[in-house]
Amino acid sequence: MDKKGFQIAFSWLFAIIVGGAILVLAVLVATKILGIGGAQVSAETQKSLEVIMNNIESGLETSLVTSFSLPRKTQIVGECYEEGPFGKQIIRVSQKNFGKWSKPISGASTSNRYVFLSNPAEGKIFYIFSKQFEFPFKVANLIYLTSASTNYCFVDAPPSIKEELTDLKRMDPKLNIWVDDCPQKSLKVCFGSSSCEINVDYEEGVVKKRGKKAHFVGDALMYGAIFSDKENYECQIKRLMARTKELAEIYMEKENIIASRGTCRGSLSPELQKIKEIASEVQSSEDLLKYKEVIEEIRRKNENSECPLW
């Protein structure tokens, strides 16, 4: 009886060990499959995001609100790098599967994309809109990406800002941007006040957010400072100035061609040279404010020229 009992106990022990091994193997295989599936979904999301942003860069979606929904909770992170002639930006996407985030999928590295977002932007529904940044000519379409899980409420904004945001809201009534009539748990963006989560001094060109200051010239950069984190914003400023410098050189070549035809009087060469110098000197957003009036004067001179260059 003792020998037989020992044989039964051993068979049970063997079954438990083998069954446990099979169960562990099954879990590992299932986890691997789920990981591959999550990576595939993240990759597809990344591709869709690339298409939307490419349309915005080409100007096809300028001044329009674009939204996209995802079946799973997603994190979108924008990485900005200053290295290279124009720097670069990489967008990374990861999605949550069974309580775990998938490995981030990286999009293509681009030198002509400027995406402003709060890292990370997290949720299932996202909104994108854009606005031209001019300094004083068009430099680029700036892209703003926000998650529907965060409502932005603009309080006491200047009339031009109210009108612009109201128009965006008409395009998509579900847009997570509100004007004055703030929903509960909204992130308040206040103008002329210092008691909100984000405070904008529109006249001075300063956005205060999370104890940090970001400076802006023009509404396009103002939105960038509001929707972005400080580090990403400052990196984008340097990239935009590198692009400004190159565009100034292109306009100088254009003016030389026009001057050779003798059809226009006057020259903007000194002003274009000044823009190149300014773009080289700007090392932070605060430096932009020193040249605000100079850039505005150059813009007016171009508008009043016999042959405007832009």
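Predicted model: local features only at pLDDT ≥ 70, side-chain atom pairs only at ≥ 80, totals over all residues.

**Contacts, salt bridges and a pocket**

Biologist: Is Glu-271 buried or exposed?

Modeller: Glu-271 is found in helix 5; helices (H or I, at least four residues) and strands (E, at least two) are DSSP runs, numbered from the N terminus. A residue is buried under 20% relative accessible area, exposed over 50% and partly exposed in between, using a 1.4 Å probe and protein chains only. Because its relative accessible area is 16%, Glu-271 is buried.

Biologist: Which residues is Leu-272 in contact with, leaving aside its neighbours within four places in sequence?

Modeller: Leu-272 is found in helix 5, residues 269-281, and it counts as buried because its relative accessibility is 0%. Leu-272 and Tyr-251 are 21 residues apart in sequence, yet their C-alpha atoms are 7.5 Å apart in space. Apart from neighbours within four places, the contacts of Leu-272 are Phe-137, Ala-248, Tyr-251, Met-252, Leu-309 and Trp-310.

Biologist: How far apart are the closest N and O atoms in the salt bridge of Lys-230 with Glu-234?

Modeller: A salt bridge is a side-chain nitrogen of Lys or Arg within 4 Å of a carboxyl oxygen of Asp or Glu. Both Lys-230 and Glu-234 lie in helix 4 (residues 230-261), four residues apart, about one turn of the helix. An α-helix has 3.6 residues a turn, so residues three or four places apart point the same way. Between the closest N and O atoms of Lys-230 and Glu-234, the distance is 2.8 Å.

Biologist: Which residues are linked with Glu-296 in a network of salt bridges?

Modeller: Arg-299 and Glu-296 meet in a salt bridge of 2.3 Å, N to O, and they are three residues apart in helix 7, residues 292-303. Glu-297 and Arg-300 meet in another, of 2.8 Å. In the network, Glu-296 is joined by Glu-297, Arg-299, Arg-300 and Glu-303.

Biologist: What is the volume of the largest pocket, and which residues are the closest to its centre?

Modeller: On a 1 Å grid over the protein atoms alone, a pocket is an open set of points with protein on both sides within 12 Å along at least five of seven lines, and lining residues have an atom within 4 Å of a point. Its volume, the space filled by probe spheres set on the points, is about 450 Å³. Of the 18 lining residues, the closest to the centre are Glu-134, Val-217, Gly-218, Asp-219 and Glu-296.

Biologist: Which elements give two or more residues to the lining of the largest pocket?

Modeller: One of these elements is helix 3, residues 219-227, where nine of nine residues are buried.

Definitions and conventions. Residues numbered from 1 in each chain as written. Heavy atoms only, no water. Contact = heavy atoms within 4.5 Å. 1 Å grid on protein atoms, 1.4 Å probe; cavity = no way out; pocket = protein on both sides within 12 Å on 5 of 7 lines; lining within 4 Å.
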